[in-house]
Every structure is written in C-alpha cells, then in structure tokens.
Amino acid sequence: MSAEPHPLPVPALSVQHLSVAYHEQPVLWDVSWASPPAGLVAIVGPNGAGKSTLLKAVFDLVPRLSGEVRIFGRPLAEARRRVGYLPQRASVDWDFPATALQVAAMGRYPCAGWFRPLPRAERERARAALAEVDMADLAARQIGQLSGGQQQRVFLARALALEADLYLMDEPFAGVDAATERAIVEVLQRLTREGRTVIAVHHDLATAPQYFAHVLLLNVRAIAAGPMAITFTPENLARTYGGRLSLLEQAVAAAQGGRAGL
Amino acid sequence: MTEFLQLDLAPMLAATLACLACGLLGNLLLLTRQSLLGDAISHAVLPGIVAGFWVSGTRAAAPMVAGAMAAAVGATLLIALVRSRARLEPGAAMGVVFSGFFALGLVLIEVSGAHAVDLDVDCVLYGQLEALIWPAATGPGSLLDPVALAEFPAEAKTLALVLLLILGLLALLWKELRLAAFDPDFARSIGFAPRALSLLVLVMVSVACVAAFWAVGSILVIAALVAPAAIARLLTDAYARQFLLSGAAALAMGAGGYWAAALAPRVLGLDHGLNAAGMMAVTAGLLLVGACLLGRRGPAGRAQRRVAIPVRAPAAAE
Amino acid sequence: MSAALLDALLLAGGYNAIVVALGCAAFGLAAGSLGCFVLLRGRALVADAAAHATLPGVALAFILTALLGGDVRSLPLLLTGGAASASLGVLAVGALTRGGRLRDDAAMALVLSISFGLGVVLLSVVQSLPVGGQAGLKGFILGQAAGMSAFDAQLIGALALLAVLLLAALFRPLAVLCFDREFAAAVGLPVRLLDLALMGLMLAVTVAGLRAVGLVLVVGLMVIPAATARLATERLAVMVLLAGLLGAFAAWLGAGLSATLPGLPTGATIVLVACALFVLTLVFAPRRGVLAFAWRQAQLSLVTARDHALRTAFEARESEAPGQLAAWAELGRGAGWSAWQRALLPWWVRQAGLATTEAAGGVALTPAGLALARDLTRRHRLWEHYLQSAGGLPPGTAHHAADEVEHTLPPEVAREAEAWLRRHDPDRLGPVDGLPPPGETGMKRP
C-alpha cells in the first residue's frame, strides 16, 4: 500500500467548494483546491485563516457547510488507510497517563483492527517508528515528562507508523527546538523521496520556501496555489495577509452570517 | 457467622461491587476531563429510575435501566441544546439540565406513590444498603446451596452482572478507549469512532448509576465515580496501573467504608449505626488526602522528583 | 386543595404563611439575580459543590448545639455551621487542583460528593442524639417551606435582601469582571477582591436558600432563572432584573404549591417551576428560541430557493425562444429545491402573484415576477462580476459566492460594489442597466 508511483497524476488531496463556519464566523469559504500528486506542500496564511480547519474538514472532524473532499480521487471512507493526520501538539492532554511507545503504537491500530490487543509485531513497528525520530531511548517515558520537541517527535512517530501515502500535518514545527525542526525536515524529505505527499500547515514565512516545494495561500478563501517559486510572491502574500478587500470581506461575512446565524 | 451471612454479606458485597463498577468507569471520565458529566448523569437518571419503577412496580433491573438510559441520553442532548441556544458554558448548561431532571425525579417519587412501596427520598439521598439482607442463609453451606442463593438480594446480583459487563468492555475495548480518551481527533481520522465510544461510556455510566442506586443513592454515587480514579491519578502515571489502583481504591472504599460504618459506633459508644454509604464517601476522602500527601505531586513526591531531575536533563533536547 | 393553594399564593393564609411566602420570594430574587453573575463568571458548579458542602457544617452545628444544651432548631446557628463548612469546601476545591494533576471539574465533583457523604454520616450520628428536632434537618437537604417559622422566613428574607443590596452596589464592577477579567484588572479594579465578594455573596445566598430549597437543588435556582433570562435578552442589567423576578416568581409559586401539597418537596417544586419557565423560553424566545431559529432558517431557505428559481426562469427566457416555457420541475432542479420546497414553492410563488402556470405546464412570469426576476438576476451578476474582479475568484467559485451574498447583503452594499466596479473595471458593466452574464471558463489548477 505504500510508495508505488501512481500511473495517473491524481491529486493527492482535492477539495471542492469547501465551506466551514464556527459559531457563525466564517472560517473557510468556498475553497476549491487540488494538491499536486506528490511532494511537500505548505499551507500558509495568517492566524484564523482556516488552515487547521481545512485539515480537520478533510477528516470530517468539523461539520462542513458544503463541499467535497477527495483523497487520491476517492472519498475519505475509501481512502482512509492511505491518509494520515498529525494533529496540533496542543490539541491533546500531555498529562495523560501513557508512554511514548503507547502513543506511537496508536499509529498501528488500523492494522490491528477493533477488539484485539495490539500484536507484538505491530508494537515493534511502532518502536521502529520512534527510532526513526531518535526517540527509541525514551519509549517507556510518560509523555508528560517529555520536552515539547520530544512530544512533537512522538506525534510524528505515530504518524509514520500509519505508513500512509498522504500526510496532513497541523503545524509540525510549532514550538520545537532547532534540532527537532531539522530532524522533522529530514523525515519529511525522506517521505517525499519515497513518493509520498506531505501537506503541512506552516507558520514561518521565512522557512516555507526552503522546506516546501508547493504552497497553498489561504485566508478563509484559497488565495493562490501552485509551485513555491511562482506562487510565493510578494503580491500573493500581500493578498493573503493584507486587508485589501474590505468590501469583499464584508460580503463574505454577510454570506456566512446569513447562512449560519439566522 | 450466620448473622454475618444474613445481615452483612449482601450489603458489603453490594457496596464493594458498586464502588468497583463506578470507580473503574470513572477513570474514563477523569482522563477525558468529564468528571462533571458523571455528576450530571447521576442526577439526571433519577426520573428514569422512578419512571421505570413506576411502570414496572418492581425493583427489576431492566425497566429502570431502560428508563435511566433514556434519561441520561436525553439529558446529554438537552445539555448540548441549552449550550448552543443559551450560549452557556458546559458547567452551567449541566447545572440547568441536571437540577431540572433531579427535581422532576423527586416530584415523580411523590406523585407516583413509589414511596409507599420501596423507593423513597431517603433511598435517593443515602442509599438503602441495610435493606439488602439474606434471611435464607443458615450457615457457610448456604453459599453453595442453590436454593438459598436464589434468595440472595437481586440488587447485589445485578451489580455483579454490571461489573462483569464493565470489565468485559474494558478488556475488549482497552486500546480503543485509550485512543479515544487521549486523542479523539486522531482516533476519528483513522476510523476509530470516538463519538460512538464516548456514547458507550455515557450509557455504561448511566447503567452503573442505576445498579449502584440501591447501594449508595444518587448523590453519593458521584464519590464512587470520581474518587477512586482521582486517588489513582495522584499516585501513578501509567495507564494500566491507573485502572488497577482505582480498583484497589474502590475496593477499600466499598468494603472499608462499610466496615467503618458498622464498627465505628461500637468504638465511639454510639447506640445508632452510621450511614454506610456516607461512610464510604468519607473513606474515599481519607484515601484522597493520603494520596495527595503521598502522590508524585504531593510533598513526598516532590522530594523524590528533586532527586530524579539530573537523570532527565540530558534527555531533554531543548 | 385549589382554595388552599389560592390562599397560599394570594398571601391570604395567615401571618405565618405570608411571611414564609415573602421570605421564599426574597430568596428567589437574590438567587436569580446573583445567578447571572455566577453563570457569567463560570462558577455555577462551584456553587453546587459549596451547597453540598454545607451539610456537614449544618449537622455538626446541630450536634455541638445539642451537646452544649442549646436550641437545636436555631436557624442562625445551623446556617453559620453550613456557611463555615461550605467555605472549607470551596478552599478544598482550590487545594485539590493545586497539584496540577486533578482538574477543577474532578475537584468539584470530589468535594461535592465527599462532603455530602460526611454530612450523611454526621446525620446518622444526629439520629442517636437524645434530643428532638432531628427530622427538621432533612429539610435542609431537599427544602421544606412548610413548617418554617416566621422568624426563619424573616431571617432568610433579610439575608437575601442584604445580598441584593450588595449586588446592586457592586453591579458595575462585577459586570466588568464577568465581561472580561483581564480588562477589569487592567483598568485597576481589585479583581481578586471582587471574585472573593462574588464568592461570599454566593455562599450567603446558598446558605439562605438551605431551609427553603435545600442544598441539593439550590444551584438550580441560581442557574435556571439566569439561563432563562439569557435566552430572552442580551443586556446584562435587563438580564439580572429578569432573572431576579423569575427566581422570585418560581420560589413564591413553588413554595405555595408545596405548602398546599405537603408531600411535594419544596426545593424540587420550586426548581420545576423555574424549569418550566426555562423550557417555555427556550422554545418561544423571540430571538434565541428554538422555534424562532427554525422559522428564520426555513424562511431564509425558502426565499433563497424562490429567488434562484425566478432567476433560472429569467435566464431561460433570455436564452430560449419566446413561447417555450420551463416547467416547475425544471426550475426546481436548476435552483436546487428540496422536497418540501418543491411542494410549497410553486403554490407560494403563484399566491404572491409572481407567476402563473400555463396550460402546457410551463411557468409564465407575471409582470411583477418578471421585474423581481430581472432585479435578482442583475444583482446576482453584479456580485459575480465584483467577486471575480475584486476578489480574483474563478468564475465557478464566484457564481456560488454570489449565491450566498445576494440574499444577505443589504442593497446599499450592492450599490457600493457597483460603484467599485464602475471605478475599477468599467468594462464589466454593460452600457445599460442589463448586465451581461460573466464568462465561464475552466478553473485553473496548480
């Protein structure tokens, strides 16, 4: 199921007319976008632009107002085993009584299936995934006693254990040390060399062109998308981050308010 | 011996089983920060219990369990509706819904005439452990005598069944429940239905509340739900040990509380027995204080960790 | 029975009954209005834990009074004991969360249940004391207005009114505190002191309610009227006033009901009355109510569907030869009608005089319908042009976007958009007032 090249260049992820609102606030509005079939893709945009929400909407974690999501051309239910999610580190309670290995092993649960304890072989694969991020020595450590960077590595190991073809990562570099950032970049580059796709929400405009080959500029709407070199332009960034279209924003807000609030 | 079998065995068993059933489930509530949901459910099932009792006229478990499940699920849906419409924080929405349900249950007890039979307000408040007697017991041989065992209080048997059910579910869904408790978003992304699992936990909590109702009433059941898990949480950071320790705490709370209530009057020279359900909660409170002092974050644990820090330092990459 | 109830409610049941009814109502007023602040400050369940934690104090006060030979029915003594142990309970919640391992939800549940258990044990000790009056203690758990003495009612009423007066004096700073604690601290308000004052008021009102409502349900009378008022209004002052009145009404009616039907526990009756008011408001409130919400949703979707259908009909007229008329089914398909809309809309559009059904099954727009359809189409195209030009949206997206916008934006914003187009992209606007449909090209993909 892993790294075979696809005969047809199907977009790894495509969304059509995706709209999401939280508490009557527009978060995503009519986003239509198709990712490249493989490679490293950054989703860039200001705070509150709906970057995380886009990833969550792919996995049906937030209710969609409208829109359709395809993974390698198929709906989520049919393609679940080919896509892996790395949530934001802050989204879970790190005080939870679990060890690094137990968390990484969650990535093997789809292979083990329901109602059964995880087979020893699967646990060893989770251990191998921890070793890939240099965390083998800390496998038995309770996750609350790890540093932020180490916690992020555990999350990455859990995602790697999924052995997916497409990864959606929510801010993998948030709050990590420089060593961990380098280690994560290496892992991501290795994944793409194997023909996999990684789509990551990224905050740092300075490093985005360095780490990623493609970009989606997002601010409630999809502003621009394409290869980093031609898309990551000052004009496009200004359109993403600037408030040029005040009347348009008002139109967007009214449309969303009308739909969700009335 | 016969007196013990007739008067003490069934209530002690019921107390212990109730604490075990609730205490084990309580771990799942505590680890997902939903302890207050246990509070809400324990109050909200009352009208369901009374209605089930009213309709069937017996203490038979099935109608009351059905009523309680309906009440619990209805209360949960209502809490969500009140939260979204009145824009209240979850705690306040729970307060609105569960006090309404509890009041309805109390009034139903009066209106239905259930108090005339068996179910009265005292039972709701303090439980009715003393009513669980086994007059058919004639000696240790009765424990193997099917005729005498058939007379064993049904409440205790129901509790045993519920405990078995909970143990079975915990064993069957061990890794699924841990996954859903730790990271529901990730669980959903890999197709493990966390919402179905949390609904299952909700339903099991309401079942445990009904089963424990006769033993501890519907307020003290909160102690059985929350205290064992909290005690264990103060003492360990390992998932499996959390469940084992909470089981031990539940055992100590149930059996220890029962015996403390039975023995304390003799020691203190009171001529009236102490309430066993209340004593169980007090025992839990004492255990909790002990765990606070002994636990990793208590005074003792802090001293221990000060020694442990140098071991940690090289591992930290930051 | 009904005559007795009427007597109780109309304050015609003798001096004692009048005083009791007024005392309960005063408590309801205090609980309801204070409840708004408790609710907005997120302290509802702390109040519940504190209320349960009064039981050991009340029981202990009873035991000590009995041992010292005092009057065990003395309400001030018992309430003092309750207030003391409730304060300890609140402190215990803070102590349990201090380690960081237990969250405050668990701490509140622990304090609530364990202190109640302690109270129950102490109550069983009380049973063995050789004095009378034990039965009265049970009234503190579920409330018992019947049998309350005039002095007790006066004490409760005085406590409640004192709380209301303090609340009125502190209204402004408390409002700021509940609205935004950081802001309150930034403008120099003593936020810790205010929080403490709120907690103190909450304890006072809780203790005042023990005799009438009982400790199990006293939190209900704090949060339910406040939540009801929140459904009905957005303004804090109105909300506090309304919640106070609702609380007073619920307490007065509930106490009256339970006085005439002695079997009914007073606390439960009062809370049920408050709950009934809440449910009525939840369903019927003019803005936030469930019915109003559903009605607005249905109305919006109906108007949206009608406009889409009229636009489809107008565009069909533009493109097709005159004389050929689309049928309702085709219009509905183009406009995305759902089943109930298919059933309702043709009738509604005909009733409104916007269209007639021709013999062949085709739909003909009346002059009024035609004017409306032209206007709608123009507005839609204006938005499409604007979103394409100013927003850089691809045509397909712009079409959907315009669908959303046109129903909710007021006409003056549409005029603004038109002015923008005239300034920045005048080619898109046609020579006359008819707008050409914007070109449809394939979406660009990266």
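This note goes through a predicted model, point by point.

1. Ground rules. The model is predicted, so local features need pLDDT of at least 70 and side-chain atom pairs count only at pLDDT 80 or more, while totals for chains, interfaces and linings use all residues. Residues are numbered from 1 along each chain as its sequence is written, chains are lettered from A and ligands numbered from 1 in the order in which they are written, and side-chain values use heavy atoms, with hydrogens and water left out.

2. Helix 5 of chain A. Start with residues 120-132 of chain A, which form helix 5. Helices are DSSP runs of H or I with at least four residues, strands are runs of E with at least two, and both are numbered from the N terminus. Helix 5 of chain A has 13 residues. From first C-alpha to last, helix 5 reaches 19 Å, close to the 18 Å expected at 1.5 Å a residue. That expected span is 1.5 Å times one less than the number of residues. Just after helix 5 of chain A, A:Asp134 takes a positive phi of about 60°.

3. The buried residues of helix 5 of chain A are A:Glu122, A:Ala126, A:Ala129 and A:Leu130. They lie on the same side of helix 5 of chain A because they cover an arc of only 100° around the axis. The arc is that of the directions from the helix axis to the C-beta atoms. On the other side of helix 5 of chain A, A:Arg120 and A:Ala121 are exposed. Buried means under 20% relative accessible area, exposed over 50%, and partly exposed in between (1.4 Å probe, protein chains only).

4. What the buried side packs against. The partners are helix 3 (100-105), helix 4 (109-112) and helix 6 (148-161) of chain A.

5. Chain A against chain B. Chain A gives 40 residues to the contact and chain B gives 31 residues. Contact means heavy atoms within 4.5 Å. About 3,400 Å² is buried between chain A and chain B, and carbon and sulfur atoms give 59% of that area. Buried area is the accessible area (1.4 Å probe) that two parts lose on being put together, summed over both.

6. A salt bridge is a side-chain nitrogen of Lys or Arg within 4 Å of a carboxyl oxygen of Asp or Glu. B:Arg33 forms one with A:Asp93, and the closest N and O atoms are 3.3 Å apart. Helix 3, helix 4 and helix 6 of chain A each supply at least two residues of the side that touches chain B. Helix 6 of chain A gives the most to that side, with five residues.

7. Chain C overall. Chain C has 20 helices and two strands. Of its 446 residues, 54% are buried. Among contacts in chain C between residues at least 6 apart in sequence, 72% join residues at least 24 apart.

8. C:Thr377. This residue sits in helix 18 (residues 367-391) of chain C. C:Thr377 counts as buried because its relative accessibility is 1%. Leaving out residues up to four places away in sequence, C:Thr377 touches C:Arg311, C:Phe314 and C:Glu315.

9. C:Val90. Helix 5 (residues 75-98) of chain C holds C:Val90. C:Val90 is buried, with a relative accessible area of 18%. Apart from neighbours within four places in sequence, C:Val90 is in contact with C:Val46, C:Ala50 and C:Met199.
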